[in-house]
Structure formats: C-alpha cells, structure tokens
Amino acid sequence: MKPARAALRNLLVLHATKSRTGFATCNASGSGLAVVALIPVLLTAAIRVGSAPAVVAGGCAAPRATAAYAAKVTRALASGHDLWGDALLKSPGGPTFLGASGHLAPILYARSAKGRPLTRSGVYYLPFSEPEGSLGAGTVALHVADGSEIISNRVGGPALEVGVAGGPYGSCVSRLAPARLASGWLPILDTRYEGYSQESFAARIPETGSLVSFVRVSGPGPIRLTPTVRGLHRSGDSLVRGSRTYLVFGAGAHWTGGSLVFSGQNAYAAWIVHPGHVKPFVLDATRYAAARASIGAFWRSQLAEGATFDVPETRVMDAERALLVQNLELSWRYSIGNPYEEFSFPESIDGAQVMTELGFAQVGRSILRVSLTRRATPYPGWTMGEKLLGAAVYERLTGDTGFLGFADSKLAAYVAALGRRQQAGGLLQPEHFSSDITDAVRGLHAQAVAWQGLTSMAAVWKSAGHPKQAARATAIAARLSAGLRLAVERSERRLPDGSLFLPMRLDAGEQPYASVTESRAGSYWNLVAPYALASGLFPPGGAQAKGALAYLLLHGSRLLGLVRAGGYALYGPGATTTLSGTDQVYGVNAARFMAAMGEPDQLVLSLYGQLADGMTQNTFVAGEAASVAPLDGLRYRAMYLPPNSVSNDAFLETLRLMLVQEAAGGLRLAFATPRGWLSPGKRIAVAGAPTGFGPLSYTLQASAHEVRVHLDPLSKRPGSIELRLRLPAGRRIRSVSPRARFDSSSGTIDLPVTRAPLDLTVQTT
C-alpha cells in the first residue's frame with residue numbers, strides 16, 4: 001500500500017499547488033469538500049497507478065490530472081443527468097463543437113485487457129492499409145500516434161522503432177504536439193516532437209506484393225530507426241535476412257548491426273509489412289512523394305463510390321472521411337491489430353446497415369455474408385434477429401435481389417428457428433443477457449430485435465413476391481409482439497419523476513437504477529436498452545417511448561450526448577458512477593431512437609460530443625469505451641482496444657440521421673442540422689444517399705434572407721417529403737415560393753412529391 005499512499009498524497013498536493021499540466025479548473029469555493037469527496041476516486045487511481053507508464057526516459061513525467069479537474073469531472077458524473085450537455089442544449093444557438101470541447105482532456109492512451117497498455121508507449125495507433133475489395137484490410141500497418149513505432153499487422157508483431165536524440169520519438173508526452181492527418185483526413189500521420197517532425201503512411205508499390213509503410217523523419221539528428229527483428233544485415237540500401245527484404249532506406253544511414261542511424265536532416269525508410277522479395281528501388285524525396293501522392297488518389301477514388309454528405313463544417317467533414325477510411329479498412333472487423341479483430345454480434349450488423357446507408361453497398365453486403373458464416377451463439381434469438389434485420393435493410397436500400405437469392409434459405413431457416421424458440425405466451429426462450437453477462441434471461445433488447453428483424457424481413461419477402469415466407473415471419477412476429485407487450489406491462493415501472501423504467505430482464509424483478517452507472521447491471525442496461533428503444537416496438541411519440549426517453553435523460557444515461565458505461569475494462573471491477581466512462585458503440589441505436597423521437601438537438605449534441613470527446617483529436621480514432629474520470633491519475637484519457645468500427649458508425653449514423661430520415665412511409669430532410677449550418681453563405685448537400693425510395697440528392701444554399709432548395713426526383717414515390725430548415729436563432733420562415741405549406745415555428749416545409757426536379761426559394765426573416 002505504500003506506493004498507493006504516495007500517489008494519493010501527490011494527487012492531493014496537486015489540488016493545493018496549481019499545475020501547468022492541469023486541464024481545467026473549478027470554482028475555488030468548497031474546494032476542500034471537493035477533495036474529500038474525491039478521496040475514493042483518487043485512491044482507486046493511486047492503487048492502479050503502477051499499471052500505466054507514469055515516467056518515461058530522461059525523467060520526463062507523464063502529465064497528471066489536477067485535483068481541480070478531477071473534481072469538475074466527478075461533479076458531472078455524479079449529477080444524475082447530462083450536466084454539460086444540458087447546458088449546451090439550453091444555450092441560444094444549441095450545441096456546437098466549441099461548446100462541447102474543453103470539458104474533458106484529450107484521449108491519447110490505448111488499453112487492452114486488465115488495463116495493460118496496448119502498445120509499448122501506451123499511445124494508440126492508427127490502422128493504415130489499402131484494402132483490395134469489400135472485405136477490408138487483410139494486411140495492415142499500425143502507426144503509433146506518438147511516432148514511436150510502426151507495427152506490422154498486430155500489436156506485439158515485428159516493428160520499426162523510431163528514436164531521436166534523447167530517446168524514443170515522442171517519449172516525453174508534454175513535448176509532443178498532437179498528431180494530425182494530412183489534409184485533415186487522409187491516412188497520413190504527421191507528428192512534431194522536440195524539433196523533429198515525422199510523417200508516415202502505408203501504400204502499395206509495384207516492387208513488392210506487400211503493403212509498405214513509408215516514414216520520413218526530419219530534424220537535427222541523430223535519427224535512429226531500429227527494427228525489432230533480429231538477424232538482419234545490410235545489403236546495399238536494404239536490410240535483409242536470407243532472401244527476405246525487411247526495410248529499404250534512403251541515403252545517409254549508418255548500420256550499427258541493430259539500428260540505422262541517420263545524421264542528416266531527413267531519414268527515409270520503407271518498412272515491408274510482409275517481408276519477401278522486393279525489386280530494387282531508390283528511396284529518395286521524389287519516390288517518397290510519389291508514394292504519398294498515391295494515397296490521396298486511392299482514397300478519394302474509394303470514397304467517391306459512396307454517397308456524399310457535404311456540410312459546412314470542416315472538422316465534421318474531416319471526421320466523416322477519416323472514419324469512412326477506417327471502416328473501409330476494417331469492413332466486418334470490430335477492430336484490427338488486437339484481440340478485438342473479430343466479427344461481433346450484434347454490433348457488426350449495425351456496421352453493415354450503416355455502411356449500406358452511406359452508399360457502400362458492397363461493404364454492407366460483405367459484412368452480411370460474413371455474418372451468415374458465424375454461429376448464432378451465445379444469444380441465438382438476438383443474433384438471428386439482427387441478421388434478419390441487417391438483410392432486410394440491405395435489400396430495401398439496394399434492391400439487390402441477387403443477395404436475397406443467395407441468403408434466402410438461411411434467412412428462412414432463422415425464421416423457422418425463432419418459431420421453434422417461442423414458448424407459451426409468445427416470448428422466445430431465455431438466453432445470455434450479453435457476451436459479458438451470461439445470465440439466462442428473456443431480454444427485452446434481444447426479443448425486440450428479433451421482432452424487428454422478423455417484421456422487416458416479412459416486408460421484404462412480401463415485396464419480392466414470396467408470400468409464404470412473409471406470412472410465416474409475420475405470424476411469428478405477431479405472437480412475439482403480443483407476448484412482449486404483456487411482459488413489458490407486467491415489468492415496467494413508472495417513477496415519481498414521471499419517467500418510465502423498461503427492464504431489459506423481463507419478468508425477473510429488475511428494478512430501476514437511480515443512476516444507470518451505479519452498478520454493472522445498470523451499466524449494461526444502458527448499453528443494450530437502445531436496441532429495444534430503436535426497434536419500433538414502442539411507437540415513437542407514444543407514452544412508453546416518451547417515458548423511456550425521460551428515464552434516459554434523468555438517470556445518467558448520457559454525457560455530452562455520449563452513451564455512458566461503467567468502463568470496467570478500463571477502471572476494473574470497482575468502477576462506480578463517479579469512476580466511469582463512455583461506450584459510444586451503442587450510440588448507433590441511441591441516435592436512431594433520438595431521431596425517431598424528434599430530438600434534433602440531442603442528435604447534434606451526440607455528434608459534437610463524440611467529435612470533441614469520444615475520439616482522438618485530429619486523427620479521429622475511437623475505442624469501444626473511453627475513460628472520463630482520470631485513469632491512473634493521468635491527465636490524458638484512455639480508450640479500450642481501438643480502433644473500433646462501430647464507434648465510428650455511431651458518428652456516421654448520427655450525421656446521416658441529421659440529414660436523412662425515413663419515417664412513416666416518407667422522408668424527412670435536414671431534420672436535425674446544427675443551426676449554424678444555415679447561416680448566410682453556408683451550403684448543405686446530399687448526393688446519392690440510399691433510401692427505400694431510391695437515391696436521394698438535395699442541396700440547401702443559405703444567404704442573408706433566403707434559402708434556395710433543390711431536390712432531385714426519386715425513383716419511387718414516398719408518401720411524404722418534409723424539409724426542416726433549422727435556421728440560426730431568431731430567424732424564421734416568412735414565405736415559400738412556389739407556394740408550399742410550412743410551419744414557421746418548427747421550420748418544417750411539406751414538399752410536393754413529384755417526379756420532376758424541385759426548386760424552392762424560402763424567404764426568411
């Protein structure tokens with residue numbers, strides 16, 4: 001306990017002596033009480049402080065969180081509602097990126113199981129690849145964001161370490177500039193450290209079949225590149241072992257037998273991810289620039305295959321493109337380069353839906369095809385429901401009858417299996433609550449998704465001319481729906497605050513949680529509940545849906561619009577309400593529920609909350625979970641097993657729902673945009689967005705006193721098209737020409753449904 005006491009003493013001293021490394025300050029009044037309240041938090045951090053690298057080479061201490069910052073975060077976590085988010089929602093202009101920023105320290109560290117650092121330095125990595133097809137990256141290079149190393153394929157694999165005068169590149173975090181991506185989003189990593197600069201990326205070149213990581217380090221020297229592979233020797237301008245080439249390097253290097261040492265201003269190297277035969281080539285500034293240029297050409301071509309969502313905020317656009325790049329690399333993989341490189345149910349099916357919605361139908365199809373090869377365990381009802389739902393969404397958005405023919409027999413088998421799993425009363429057999437909680441329960445979340453999948457697939461089969469399959473799925477769904485409604489009626493609890501608690505463990509006596517992060521059971525309730533709420537089982541706007549929304553907002557479900565969780569993988573089993581994190585993987589369905597409930601500002605808050613605090617700044621990497629309260633006493637926050645494709649999907653789905661929603665047989669356009677996006681001179685454009693009515697394209701061009709609207713015709717006729725102009729605070733619609741019905745209080749216009757292009761001029765005041 002001596003190290004723990006010393007760490008606790010140091011943390012308490014930080015409260016009395018203002019530190020330059022402190023991220024935020026709080027009001028000094030009552031500060032003594034704040035420190036007393038923080039003792040459990042600080043003690044827990046002190047006990048675990050040995051698990052993280054607190055001091056690095058040269059005696060440079062890792063920046064620590066101040067007690068003032070920790071107290072501020074603790075107050076927000078203990079408030080019982082979204083303290084910071086609610087303040088933004090009440091502000092005149094609504095949530096903004098600037099408003100969401102500054103509350104929390106940036107994310108820098110990455111953790112694996114039992115709190116272990118994911119990389120040697122503990123800093124996260126970026127996955128770089130050039131995938132050859134819709135199945136994503138079979139080979140990947142992991143570029144650590146502090147510039148310290150480039151790893152081949154998987155953490156712990158062969159790596160190229162980068163060192164400069166004074167030690168490993170980036171080892172003194174306080175002297176490391178935040179990493180950035182080239183052009184704001186391209187997978188080219190740029191770092192600055194103590195007078196040195198480094199740029200790196202991964203590309204394919206004709207001289208080898210392997211992916212190649214290029215790196216350029218510039219600075220006063222010496223610059224040291226050290227392969228972790230032993231037994232290499234120099235052969236000209238390459239490092240080889242036997243017939244395999246591992247590294248090609250530029251001029252000015254001296255090989256010591258273990259490291260390449262450059263004394264000049266620029267060090268160039270090409271690290272071969274899969275060593276083998278490499279045709280000779282000269283690596284100089286010209287060749288490096290050519291390889292770099294190929295990255296931009298490759299990824300612009302890849303992104304051009306999808307839909308376009310163009311909004312007037314550069315940071316949002318950079319994030320969208322960077323996350324699409326990552327997800328095209330990951331495809332069906334939950335993560336890459338670490339133990340989470342797997343297909344994950346139900347999360348990866350969410351990824352298939354989102355990528356299809358964004359116009360990357362082949363990626364969505366590939367994810368679904370992979371899902372059909374995976375067994376429906378350990379929660380078969382939930383898994384089969386998700387597969388049915390994913391297939392139905394794909395078919396509805398793409399009309400790909402070839403996929404339906406390929407998958408039809410398996411989908412029909414899932415329907416039959418769900419029918420066999422129904423018990424008296426219509427509910428499905430009990431199954432594991434989740435992958436982490438093996439209690440056998442009748443989970444509302446799982447059974448609601450099964451109902452949603454059956455209902456959605458029945459509609460697809462009916463439309464495709466398969467009435468028998470449609471009828472069977474409809475009948476099973478009807479029995480399940482009746483059983484669920486009765487079970488929910490028996491189990492739900494109306495609370496004194498007017499909110500409604502919907503237990504996820506039906507008929508099991510699950511009680512409401514004062515705060516959903518007060519226990520492991522409550523935390524997992526918060527993660528799975530969005531599946532039930534977004535399923536449509538509870539009609540949007542109905543009493544149950546409204547009550548459930550109130551429960552989420554009043555009982556600690558969100559923080560800056562992010563989904564909260566206990567963060568047990570980061571904090572350990574002792575995590576509490578005030579020692580917890582976020583888990584935005586489950587923000588996908590939370591966003592769907594908020595959109596269905598007509599909560600535009602909650603969607604805006606989620607977008608900016610994730611952009612500011614749910615992913616890394618300027619490089620847009622997210623894990624499954626992220627810390628909120630200081631972890632191990634460190635200033636910078638940590639995330640669990642990044643990168644995570646479904647965390648990425650949460651941001652992408654939120655952005656899409658802000659611009660395109662399908663509801664009640666019709667379309668809703670721009671229903672949840674930030675008000676600043678329609679300031680004078682701003683433009684919003686959507687092109688080729690898949691919908692059940694065909695590809696959707698529209699533009700909104702704002703000026704001082706009007707908004708010009710253009711809508712391309714759709715291939716199928718929707719029941720209605722509504723456009724909402726969320727104008728800057730204080731502005732309203734005055735007239736619409738040609739004439740169309742509008743509501744000036746909400747900014748909603750009922751657009752005529754025609755087969756011709758539509759152009760409107762909306763006068764504002």
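## Rings, sheets and loops

Tyr334 and Tyr340 are both buried, where buried stands for under 20% relative accessible area, exposed for over 50% and partly exposed for anything in between (1.4 Å probe, protein chains only). The model is a predicted one: local features need pLDDT of at least 70, side-chain atom pairs count only at pLDDT 80 or more, and totals for chains, interfaces and linings use all residues. Residues are numbered from 1 along each chain as its sequence is written, and side-chain values use heavy atoms, with hydrogens and water left out.

**Rings**

Back to those two tyrosines. The structure contains 17 aromatic pairs. Tyr334 and Tyr340 make one of them, edge-to-face, with 5.1 Å from centre to centre and 65° between the planes. A pair here takes rings of Phe, Tyr or Trp (its six-membered ring) whose centres lie within 6.5 Å; planes under 30 degrees apart are stacked, over 60 edge-to-face, and the rest tilted. Elsewhere, ring pairs tie Phe201, Phe214, Tyr268 and Tyr288 together as a cluster.

Two arginines also sit over rings. Arg374 lies over the face of Trp332, 5.5 Å from the ring centre, and the charged end of Arg724 is over Phe671 at 4.0 Å from the centre of that ring. The test for this is NZ of Lys or CZ of Arg within 6 Å of the ring centre and within 35 degrees of the ring normal.

**Sheets**

Helices (H or I, at least four residues) and strands (E, at least two) are DSSP runs, numbered from the N terminus. Two strands pair if DSSP finds at least two bridges between them.

Contact means heavy atoms within 4.5 Å; axes are lines fitted to C-alpha atoms, for helices over the stretch in contact, and angles run from 0 to 180 degrees between N-to-C directions.

A second open sheet has six strands, ordered S18-S30-S31-S32-S37-S34, again with antiparallel pairing. S18 (308–310) and S34 (733–737) are the edge strands; each has a single partner strand, so one side of each lacks a neighbour in the sheet. Neighbouring strands are turned by 15° against each other on average, direction ignored.

Here are some individual strand pairings:

| Strands | Sense | Bridges |
|---|---|---|
| S8 (186–193) and S9 (196–204) | antiparallel | six bridges |
| S34 and S37 (758–764) | antiparallel | four bridges |
| S29 (666–669) and S33 (721–724) | parallel | three bridges |
| S33 and S36 (748–751) | antiparallel | four bridges |

Asp190 stands opposite Glu199 in S9, and Ser735 faces Gln763 in S37.

**Helix H15**

H15 (residues 543–554) has twelve residues; at 1.5 Å a residue it should span 16 Å, and its end C-alpha atoms are 16 Å apart, which agrees. The expected span is 1.5 Å times one less than the number of residues. Ala545, Gly547, Ala548, Leu549, Tyr551 and Leu552 of H15 are buried, and what covers them includes S21 (493–494), S22 (500–501), H14 (520–533) and H17 (587–596). After H15 comes Gly556, with a positive phi near 75°.

Two non-glycine residues have positive phi. Asn618, near 70°, is in the loop between H18 (600–614) and S26 (626–627), and is buried at 14% relative accessible area. Ala664, near 50°, is in the loop between S28 (660–663) and S29, and is exposed at 85%.

There are cis peptide bonds to look at, too. One joins Pro642 and Pro643, with omega about -5°; Pro643 belongs to the loop between S27 (637–640) and H19 (645–659). Another runs from Ser737 to Pro738, omega near -10°, and Pro738 is in the loop between S34 and S35 (742–743).

Finally, Arg375 is in the loop between H9 (361–371) and H10 (380–398) and counts as exposed at 68% relative accessibility.
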